[in-house]
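Please look over the sequence and the model below. The paragraphs that follow go from backbone details to ring pairs, then to a helix contact and the pockets.

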Amino acid sequence: MKRINKAVFPVAGLGTRFLPATKASPKEMLPIVDKPLIQYAVEEAVASGITHMVFITGRNKRAIEDHFDKAYELETELEERGRQNLLDQVRDVLPKNISCTYVRQSEALGLGHAVMCARAVVGNEPFAVILADDLIDAQVPVLKQMVERYEEEQRTIVAVQTIPLEESRSYGIIKGEASGKRMYKMTGIVEKPHPEVAPSNLAVVGRYILTPTVMDILERVIPGAGGEIQLTDAIATVLKSEGAFGYEFEGRRFDCGSKLGYLEANVMYALKHAEVGKDFCEFLNRLHADRKD
């Protein structure tokens with residue numbers, strides 16, 4: 001049985017929904033309280049046993065590489081000032097046993113194309129894909145939940161959650177049969193169907209465990225609108241040849257690709273933050289009282 005050692009992070013998107021904030025800074029570096037989205041994603045991967053992070057980057061994404069690199073000048077300054085707590089935080093952004101690879105995606109041709117860019121690094125191994133836009137607060141990291149299911153099934157697994165049917169045009173939607181606790185054996189998957197023809201209300205969100213077969217299939221996927229290669233199309237082929245599962249994860253997801261979801265995540269994570277949580281809760285209570293008046 002091959003373990004999941006590598007996680008792919010597609011981070012080449014333009015982040016147009018957050019302009020002008022993302023004009024010169026990657027959307028993945030937008031902070032949730034005091035950590036950028038991409039750090040939450042990497043921390044989830046580390047907590048799930050991943051040791052090799054593969055970032056699929058594009059233009060103006062250098063800040064991501066810098067964030068996970070050693071900051072000599074900053075560390076020296078903090079050390080000289082005796083700011084040990086902050087120094088530890090900076091040094092612990094990435095554990096020492098973790099390796100990183102950065103691959104440039106020259107054109108934004110869809111999620112499937114971004115995943116395909118990792119082929120030379122991933123090789124003939126199963127691997128995870130994490131979309132940093134989907135921040136999921138969970139007692140057990142969602143990817144770890146999925147790794148445990150993969151060890152049992154040895155098949156492609158996608159994270160799913162129930163949604164209102166009227167939102168189906170924003171997601172890949174699976175069709176499947178219940179197969180154990182929170183698991184669905186997939187019989188189909190479609191990209192952004194109209195609510196009237198959606199096969200279910202189980203939507204795919206930003207966590208995947210994929211077998212190496214998907215890379216061969218992505219090479220043959222016919223590009224759709226805008227020349228994009230859809231990962232959904234490749235998974236549809238994989239489930240026919242190998243089988244695939246949807247996993248209804250335990251946790252609360254925040255869609256940080258939208259302004260509202262991003263704001264909600266900041267509020268929820270601030271409320272449980274050790275440093276500011278109590279004061280922030282009191283502020284919200286005062287704000288609520290003032291608005292009622």
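**A walk through the predicted model**

V33 sits in the loop that runs between β2 and β3. This is a predicted model, and in it V33 has a positive phi of about 65° even though the residue is not a glycine.

Next come the aromatic side chains. Seven aromatic pairs are present in the structure. One of them is formed by F55 and Y102: the ring centres are 5.0 Å apart and the ring planes lie at 10°, so this pair is stacked. F55 belongs to strand β4 (residues 52-57) and Y102 to strand β5 (residues 99-104).

Helix α10 covers residues 259-271 and helix α11 covers residues 277-292; their axes come within 7 Å and cross at roughly 125°. An angle over 145 degrees would count as roughly antiparallel, and 65 to 115 as roughly perpendicular. The two helices are therefore oblique to each other. On the α10 side the contact is made by V267, A270 and L271, and on the α11 side by G277, F280, C281 and L284. Sorted by class, the residues of this contact are six nonpolar and one polar, with no charged residue.

The largest pocket holds about 1,200 Å³ of space. Its lining is made up of 37 residues, and those closest to the pocket centre are R17, K27, L111, L131 and D133. Which elements give two or more residues to this lining? They are α5 (111-116), β11 (202-210), α9 (231-241) and β13 (252-255). Strand β11 gives the most, with four residues. In terms of class, the lining of the largest pocket contains 16 nonpolar, 11 polar and 10 charged residues.

The second largest pocket has a volume of about 340 Å³. It is lined by 15 residues, and D34, K35, L86, Q89 and V90 lie nearest its centre. The elements that give two or more residues to this lining are β3 (35-36), α3 (72-80) and α4 (84-91). Helix α4 gives the most, with four residues. The lining of the second largest pocket divides into six nonpolar, five polar and four charged residues.

Notes
Residues numbered from 1 in each chain as written. Predicted model: local features only at pLDDT ≥ 70, side-chain atom pairs only at ≥ 80, totals over all residues. Heavy atoms only, no water. Axes fitted to C-alpha atoms, helices over the stretch in contact; angles between N-to-C directions. Parallel < 35°, antiparallel > 145°, perpendicular 65-115°, else oblique. Contact = heavy atoms within 4.5 Å. Nonpolar A, V, L, I, M, F, W, Y, C, P; charged D, E, K, R; others polar. 1 Å grid on protein atoms, 1.4 Å probe; cavity = no way out; pocket = protein on both sides within 12 Å on 5 of 7 lines; lining within 4 Å. Points joined across faces, edges and corners; volume = space filled by probe spheres on them. Phe/Tyr/Trp six-rings, centres within 6.5 Å; stacked < 30°, edge-to-face > 60°.
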